[in-house]
Amino acid sequence: MSERTLAIIKPDAVRKQVIGDIIHRYEQAGLRPIAMKMLRMTKAVAEGFYAVHRERPFFDSLTTFMASGPVVVLVLEGDDAIKRNRDLMGATDPAKAAPGTIRAVYGASIEANAVHGSDSPETAQFEIQYFFASMEFAGG
């Protein structure tokens, strides 16, 4: 079943200049970018995006990190896009991520782990609408 998911190439990966490598991995896995932009989140935007984690001890650190530099936000489309992207990303902790996954290759810590991906259809819908208007989708 074709679905959409949100992916974010985080500030640490943007700083490492691996945007193209990561997008290539998405495409090689059959996930087609249908919307994409680079932006710099403010702390308030990051807090709104990660509001579900507001009560967690890492919330302030995470939102500060996400506002620390440019990110690339993408909507990926493909069969079972959410699961396929989660598998491609690897575990949240790069030290525990399977060899060859994006986080194992490019991540440095649980926070600076190169990429974000939606974890469910409901989350994907919220996250996509958070960053993109319907007219921004290339479709195809």
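Biologist: Which strands does helix H2 lie across?
Modeller: This is a predicted model, and in it H2, residues 19-28, lies across E1, E2, E3 and E4. H2 runs at about 165° to E1.

Biologist: And what about helix H5, which strands does that one lie across?
Modeller: H5, residues 81-89, lies across E1, E3 and E4. Its angle to E1 is about 35°.

Biologist: I keep clicking on Asn85 in H5. Is Asn85 buried or exposed?
Modeller: Asn85 has a relative accessible area of 0%. Buried means under 20%, so Asn85 counts as buried.

Biologist: What is Asn85 in contact with, leaving aside its neighbours within four places in sequence?
Modeller: With that exclusion, Asn85 is in contact with Thr5, Leu6, Ala7, Tyr26, Leu31, Leu76, His116 and Gly117.

Biologist: Okay, on to the sheet. What is the strand order?
Modeller: The order is E2-E3-E1-E4, in an open sheet of 4 strands with antiparallel pairing. E2 and E4 are at the edges and have a single partner strand each, so one side of each has no neighbour in the sheet. From one strand to the next, the twist averages 20°.

Biologist: How many bridges join E1 to E3?
Modeller: There are 8 bridges between E1 and E3. As an example you can find on screen, Glu3 has Gly78 in E3 as its bridge partner.

Biologist: And how many join E2 to E3?
Modeller: E2 and E3 are joined by 7 bridges, again running antiparallel.

Biologist: What about E1 and E4, over how many bridges do they pair?
Modeller: E1 and E4 pair over 3 bridges, in the antiparallel sense. Ile9 is opposite Val115 in E4.

Biologist: How many of E3's residues are buried?
Modeller: In E3, 8 of its 9 residues are buried, so the strand is mostly covered.

Biologist: Let's talk about the core. Which residues have the most contacts inside the largest one?
Modeller: Those are Leu6, Ile8, Met41, Met66, Val75, Phe131 and Phe132, in a nonpolar core of 23 residues. At least two core residues come from each of E1, E2, H3, H4, E3 and H7. H4 gives the largest share, 4 residues.

Biologist: Last topic, pockets. How much space lies in the largest pocket?
Modeller: The largest pocket holds about 570 Å³ of space.

Biologist: Which residues lie nearest its centre?
Modeller: Nearest the centre of the largest pocket are Tyr50, His53, Phe58, Leu62 and His116, out of 23 lining residues. H3, E4 and H7 are the elements that give two or more residues to that lining.

Biologist: Which element gives the largest share of the lining?
Modeller: The largest share of the lining of the largest pocket is from H7, with 3 residues.

Key: Residues are numbered from 1 along each chain as its sequence is written. This is a predicted model: local features need pLDDT of at least 70, side-chain atom pairs count only at pLDDT 80 or more; totals for chains, interfaces and linings use all residues. Side-chain values use heavy atoms; hydrogens and water are left out. A nonpolar core is a set of buried Ala, Val, Leu, Ile, Met, Phe, Trp, Tyr and Cys residues joined through side-chain atoms within 4.5 Å. Buried means under 20% relative accessible area, exposed over 50%, partly exposed in between (1.4 Å probe, protein chains only). Two strands pair if DSSP finds at least two bridges between them. Axes are lines fitted to C-alpha atoms, for helices over the stretch in contact, and angles run from 0 to 180 degrees between N-to-C directions. Contact means heavy atoms within 4.5 Å. On a 1 Å grid over the protein atoms alone, a cavity is a set of points where a 1.4 Å probe fits but cannot get out, and a pocket is an open set with protein on both sides within 12 Å along at least five of seven lines; lining residues have an atom within 4 Å of a point. Grid points are joined across faces, edges and corners, and a volume is the space filled by probe spheres set on the points.
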